[in-house]
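Student: Could you walk me through this structure? I'm new to it and would like to start with the charged side chains.
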Amino acid sequence: ANSLYGSGVYFGGGLSSLSILLDDNFGWRSTCGIIGGYGLVMAVLTTLILPNDPKQLQLQPNEGKSTSTTFAKEKEKNDPIDGDSSSNALVTDVQQIVSSSKRIQWLFLGSFLRFCSGLCIGVWAAPYYKLAFPNDASSYAVINAAIVGLCGVSSGLLGGYISDKSIGLVSSSSTSSSSSSSSISNGESSSLSFPISFSTLDEDGARLIVPIVGSLLAVPTWWLTSHASTFDAAMFWLGTEYLVAECWFGPTVAVLQNGVRKGQGGVAQGLFTLTGAIGNLAPSLLGIIYSRQIADDVATVSGSGSEVLSTLLGVGVCGGYLLSALCFSLSALSSPSSKVASKTS
């Protein structure tokens, strides 16, 4: 479900790539006006078409109003957070979520680094390909829209599916591990022994294998697309990069939601989104470094701008992928919070 929700990001990203065509034909001012008008129309249509939440409808006054009121008062007594003011409750929720466990902390850091890499690609890929392949700018707009929309969505949905199936692997691995242990205790020996297996991870730890592998596979594929000598090769590796890299969103959100207290899922999701907002600093930082390197290069020759940008994108994006894989690995190996552990035990 989280992967399906995240697929909207890639559909939107694919449509945004087509703005290059609008810019070429109408200019940047008219393009911004068209995009803004489209956003307003979609907001109005969403308000009119989107149905109400069935859960909210069930909370409307009915015959069981007195029972619901009694339950709410009882819940307020048992949960001191609900009795605080809204501002104090928010601060308390944020503190509890951030300090709940090492798993959540590493998860937020890995998500931040992953957002940094993705946003650098989103902001700087088009300028880079325009510098490297100036005759294929229009083709890039259409091909990139198809890559982001198809490969991004496919990767997200597939990542969510594999993440859900990994829970079954944990259960079967734990069963085989326990039977193997009993066999050893009875004097039997095993010919193969693995120090790290699914049995060493809990269900949420197993889910994080998907973003770990995806981030690692994204390193060589992005390096190849940012250093390709032909436009066709660059687009091939870009599609491959989206296919292997964008599987991280659904499993990460699922682990985050499972790792916080009941009633804190909204705040946790807000903090997750905040890591992406802060990650917007990464493309700005890359732009500052790029402009300074270009300004300092007094012996500029034709094509050096694309070479500098290619190096910065290769090092910056791949570095973010590697570090995010490390953080996701540490999150997977970390113990969940005591509250979550007590629920799963």
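Student: How far apart are Asp204 and Arg207 in helix α10?
Tutor: In this predicted model, Asp204 and Arg207 lie 3 residues apart in helix α10, so about one helical turn separates them. Helices here are DSSP runs of H or I with at least four residues, strands are runs of E with at least two, and both are numbered from the N terminus.

Student: What do the side chains of Asp204 and Arg207 form?
Tutor: They meet in a salt bridge, with 3.9 Å from N to O; the term stands for a side-chain nitrogen of Lys or Arg within 4 Å of a carboxyl oxygen of Asp or Glu. Salt bridges with shared partners also join Asp164, Asp204 and Arg207 into one network.

Student: And where does Asp164 sit relative to Arg207?
Tutor: Asp164 is in helix α9 and Arg207 in helix α10, 43 residues apart, so that the pair links distant parts of the chain. The closest N and O atoms of their salt bridge are 2.9 Å apart.

Student: Are those residues buried or exposed?
Tutor: Arg207 counts as buried at 10% relative accessibility, and Asp204 is buried with a relative accessible area of 10%, whereas Asp164 is partly exposed at 44%. Buried means under 20% relative accessible area, exposed means over 50%, and partly exposed is in between, using a 1.4 Å probe and protein chains only.

Student: How many salt bridges are there in the whole structure?
Tutor: A search of the whole structure finds 4. One of them joins the side chains of Asp202 and Arg103, at 2.8 Å from N to O. That pair also links distant parts of the chain, since Asp202 is in the loop between α9 (137–185) and α10 (203–207) while Arg103 is in helix α8 (residues 102–132), 99 residues apart. Arg103 is buried, with a relative accessible area of 3%, and Asp202 is partly exposed, at 27%.

Student: Changing topic, what is the mean pLDDT of the chain?
Tutor: The mean is 79, and 70% of the residues reach 70 or more; pLDDT is the predictor's confidence in each residue, from 0 to 100.

Student: Where does pLDDT stay under 50?
Tutor: One such stretch is residues 63–78, for which the model has 3 contacts beyond four places in sequence, a contact meaning heavy atoms within 4.5 Å. Another is residues 298–303, with 1 contact beyond four places in sequence.

Student: Which rules apply to the numbering and the values?
Tutor: Residues are numbered from 1 along each chain as its sequence is written, and side-chain values use heavy atoms, leaving out hydrogens and water. Because this is a predicted model, local features need pLDDT of at least 70 and side-chain atom pairs count only at pLDDT 80 or more, while totals for chains, interfaces and linings use all residues.
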